[in-house]
Amino acid sequence: MRVTDGADRVVLLLDRLGAAPEGLGVSDVARALGVHRSTASRLLGTLASSGMVERDPISLRYRIGPRLVGLAATAVARLPVVSQARPELEQLSAATSETANLAILDRFHVVYVDQVTPVQTVVMASWVGRRSPVHASSSGKAMLAFGHDRARESLLRRTLEPLTDRTITDPATLRAVLDEVRRRGYATSTGELEDGLVTVAAPVMVDGKAVAAVSTSGPAYRVPARDLPRLGRRVLEAATAVGHRMTGRTS
């Protein structure tokens, strides 16, 4: 895709860098923007001088810079759902002894905006700021099932990329799964996003709209299939409580 507007180029560049934790080379950026390598190099240099991106001195690849990380952290902290959800995430993590996450929807991806990890358990690196495809994550499926019909139909018309051999890539199968999510109130992802990772999520509902999702996650050896209904009920309680906090309801 070729973009001609400068602002569009910056947005697309930052979006691609955000999806590439290992970073991108100048040639990668040129291909992504549809521009000459010299143009990509000048754009990266300008952004690097302001701290928006940074260049790894060893790999010579570019990645998101500290200034942009700081701006993103400030923006996330100001999201009303983050402050309202934090107490429920802490309770959920303590009750399940697993990691609790809060995610919001960004078109065909979910973005994790807060995380609480159990003190006594060794866990993976923070997911805050990470983006995951909607169709492979429990949070994505929870928000999609309880979101607008237009967003759901738009996703189901897309090619669903496999992340593991368990990722749902058939639109008809995903549609049936979303119908089931609506019936029971929570969604699951068992090895669909990452091999060996099990997550359970429920939507945060405000005025009948899913504005976020609360989830719990852990390795498959700690989260067997028999525990999913129990975790689903617990996550649903937490997500419901967050929705009540946001609307001022007490029950």
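Modeller: Let's begin with one term: a pocket is an open set of grid points with protein on both sides within 12 Å along at least five of seven lines, and a volume is the space filled by probe spheres set on the points. On that basis, the second largest pocket comes out at about 240 Å³. Keep in mind that this is a predicted model.

Colleague: What makes up the lining of the second largest pocket?
Modeller: There are 14 lining residues, and Leu 105, Arg 107, Gly 147, His 148 and Ala 151 lie nearest the centre. Helix H6, helix H7 (149-156) and strand S8 (209-219) each give at least two residues to that lining. By class, you get 9 nonpolar, 3 polar and 2 charged residues.

Colleague: And what makes something a cavity rather than a pocket?
Modeller: In a cavity a 1.4 Å probe fits but cannot get out, whereas a pocket is open. With a limit of 30 Å³ or more, the count is 1 cavity. The largest cavity has a volume of about 70 Å³. Its lining includes Asn 101, Tyr 112, Trp 127, Ser 137 and Ser 138. H6, S7 and S8 each supply at least two of the lining residues, and the classes split into 4 nonpolar, 7 polar and no charged.

Colleague: Why is Arg 157 called exposed?
Modeller: The cut-off for exposed is over 50%. Arg 157 has a relative accessible area of 65%, so it counts as exposed. You'll find Arg 157 in the loop between H7 and helix H8 (171-184). Arg 157 and Pro 171 are 14 residues apart in sequence, with their C-alpha atoms 7.5 Å apart in space.

Colleague: Which label do Leu 236 and Ser 41 get?
Modeller: Leu 236, in helix H9 (residues 228-247), has 29% relative accessibility, so it counts as partly exposed. Ser 41, in helix H3 (residues 37-49), has 33%, so that residue is partly exposed as well. Ser 41 and Thr 117 are 76 residues apart in sequence and 40 Å apart in space, C-alpha to C-alpha.

Colleague: How do you know that S6 and S7 pair?
Modeller: Pairing needs at least two bridges found by DSSP. Strand S6 (residues 187-190) and strand S7 (residues 197-206) have 4 bridges, so they pair, and the sense is antiparallel.

Colleague: How do you know that the charged end of Arg 182 sits over a ring?
Modeller: CZ of Arg has to be within 6 Å of the ring centre and within 35 degrees of the ring normal. The charged end of Arg 182 is 5.1 Å from the centre of the Phe 146 ring and is listed as sitting over it. Arg 184 does likewise over the ring of Tyr 186, at 4.8 Å from its centre.

Colleague: How many aromatic pairs does the structure hold?
Modeller: The count is 0; a pair would need ring centres within 6.5 Å.

Notes. Residues are numbered from 1 along each chain as its sequence is written. This is a predicted model: local features need pLDDT of at least 70, side-chain atom pairs count only at pLDDT 80 or more; totals for chains, interfaces and linings use all residues. Side-chain values use heavy atoms; hydrogens and water are left out. Rings of Phe, Tyr and Trp (its six-membered ring) pair if their centres lie within 6.5 Å; planes under 30 degrees apart count as stacked, over 60 as edge-to-face and the rest as tilted. On a 1 Å grid over the protein atoms alone, a cavity is a set of points where a 1.4 Å probe fits but cannot get out, and a pocket is an open set with protein on both sides within 12 Å along at least five of seven lines; lining residues have an atom within 4 Å of a point. Ala, Val, Leu, Ile, Met, Phe, Trp, Tyr, Cys and Pro count as nonpolar, Asp, Glu, Lys and Arg as charged, and the others, Gly among them, as polar. Buried means under 20% relative accessible area, exposed over 50%, partly exposed in between (1.4 Å probe, protein chains only).
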